[in-house]
Amino acid sequence: MSRLVVAAPASGSGKTTVATGLMAALRRAGDRVAPFKVGPDYIDPGYHGLATGRPGRNLDPVMVGEHRVASLFAHGARGCDLAVVEGVMGLFDGRVDTEGIGSTAHVAKLLSAPVLFVVDARGQSRSLAALLHGFRGYDPTVRLGGVVLNQVGSARHEHVLRGACAEVGLEVLGVLPRDDEFALPSRHLGLVTAAEHGRPALDAVDAIASAVARHVDLDAVRRLAAEVPAMAVATWDPAAEVSPVAGSPVVAVAGGAAFTFGYAEHVELLRAAGADVVVVDPLRDQDLPEGTAGLVLPGGFPEQHAAELSANAGLRTAVAAFARSGAPVHAECGGLLYLARSLDGVPMCGVIDAEGSMTPRLTLGYRDAVAPVDSVLARAGTRITGHEFHRTTLSVPSGARPAWQWRGHDQRPVAEGFVLDGVHASYLHTHPVSAPESVTRFVRACATESVRYEATR
């Protein structure tokens, strides 16, 4: 499998623009492109999906374990000609207080993949040589295979920068001029999700693809991606990870513009475990699917759609009744907010006795968590590494039976989330690949639920 990793010295250098543009431009040229993103990010993979026509997937050694990264890569790259992996932050930036665990460099080494290095060249000339020399020498086992110069101001600027790259023996594979036309829209958590932005997202990807096709040597990119060793790794198979449950219980999974933060492997595992997965859009659908036996409410940006979610009183009522019946409900972050009594002052489902609201503070980071009580997801004592990523807060952070516990940065114990009968609701995003037994447990709970939801409309 031809493959390369798109990295940068720091966030904001343009690697999302280059990675997404490469994916789309290569697809236009006839290549079957597999898209990946390093880390727990949910937003970039949405644009990768638009660019390639395939599900954007994440490669996160912190959450799934480094031993699973190559097999997940092989699973996501099946049937493709080339894989493009977008990095996270700076090349060597990983989990805080570790030696780069979960970094772009870490994943590049796990995949034996070359790095296409994107540099924001504003304010630089010959100093670029020192920057490239430092990054290449910091860890010689990470192969910098070429450079894309971004934000280049003029032909003279390009000439000087190319000379700097030649000094350290790195080939320039592309030069992107300064042009704000290709920047994806930003918002409080980074990029607007592709599902929310609709037609403008497609237009943005199309514009980026055209820019990359004009200014990047796609044949040189293909050659770099092909200069890799064979991967002797078993392909990850969801059917081998879970125990199938009889009965094909209907599991409704929230989707649409408000609930976009989910991993493709989650649905694959649910189906492998025997679930009949049906997507429901809380912004549009008035009721749960007929026969629903379990409900998954993933993360997203419900705070951006609070008024519309609240206005859909039919579905809110259905979800509340379903949850209060004791049926299995798995809610993460945005899903937790949807289950709350209110969000920014407007009514939500009222399953969780707490009020949600936006704050100026970003809560971000990995958490090594333990389940303090039995739930539809895990037995008490189950350990997992998850990730928090939100600017909202709840008036009550946890219930009498928290979903998770961990130690904060000050080593004080933190209790977070809610376990209420069949409801497991938390801010913590988890990756089911790291704990497939939780999917089997959830689907089994759905299959044994004696009452199936009867749609009223």
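Axes here are lines fitted to C-alpha atoms, for helices over the stretch in contact, with angles from 0 to 180 degrees between N-to-C directions. Helices (H or I, at least four residues) and strands (E, at least two) are DSSP runs numbered from the N terminus. The model is predicted, so local features need pLDDT of at least 70 and side-chain atom pairs count only at pLDDT 80 or more, whereas totals for chains, interfaces and linings use all residues. Residues are numbered from 1 along each chain as its sequence is written, and side-chain values use heavy atoms, without hydrogens and water.

**Helices α1 and α9**
- The axes of α1 (residues 15-28) and α9 (residues 199-215) come within 7 Å and cross at roughly 80°.
- The two helices are therefore roughly perpendicular to each other (65 to 115 degrees).
- In contact (heavy atoms within 4.5 Å), α1 residues including Thr17, Leu22 and Arg28 meet α9 residues including Val205, Asp206 and Ala213.

**Strand β5**
- In β5 (residues 115-120), 6 of 6 residues are buried (under 20% relative accessible area, 1.4 Å probe, protein chains only).
- Val115, Phe117 and Val119 cover one side, and Leu116, Val118 and Asp120 the other, all of them buried.
- Strand β1 (residues 2-7) runs parallel to β5 and is joined to it by 3 bridges; strands pair if DSSP finds at least two bridges between them.
- Ala7 has Phe117 of β5 as its bridge partner.
- Strand β6 (residues 144-152) is also parallel to β5, with 6 bridges, and Leu144 of β6 stands opposite Val115.

**Annotated domain**
- An unreviewed UniProt entry places the feature "domain: CobB/CobQ-like glutamine amidotransferase" at residues 251-431.
- This span is 18% helix and 39% strand, and its end C-alpha atoms lie 18 Å apart.

Notes
Parallel < 35°, antiparallel > 145°, perpendicular 65-115°, else oblique. UniProt positions renumbered as here; feature names shortened; annotations may be inferred. Buried < 20%, exposed > 50% of the residue type's maximum accessible area, 1.4 Å probe, protein only.
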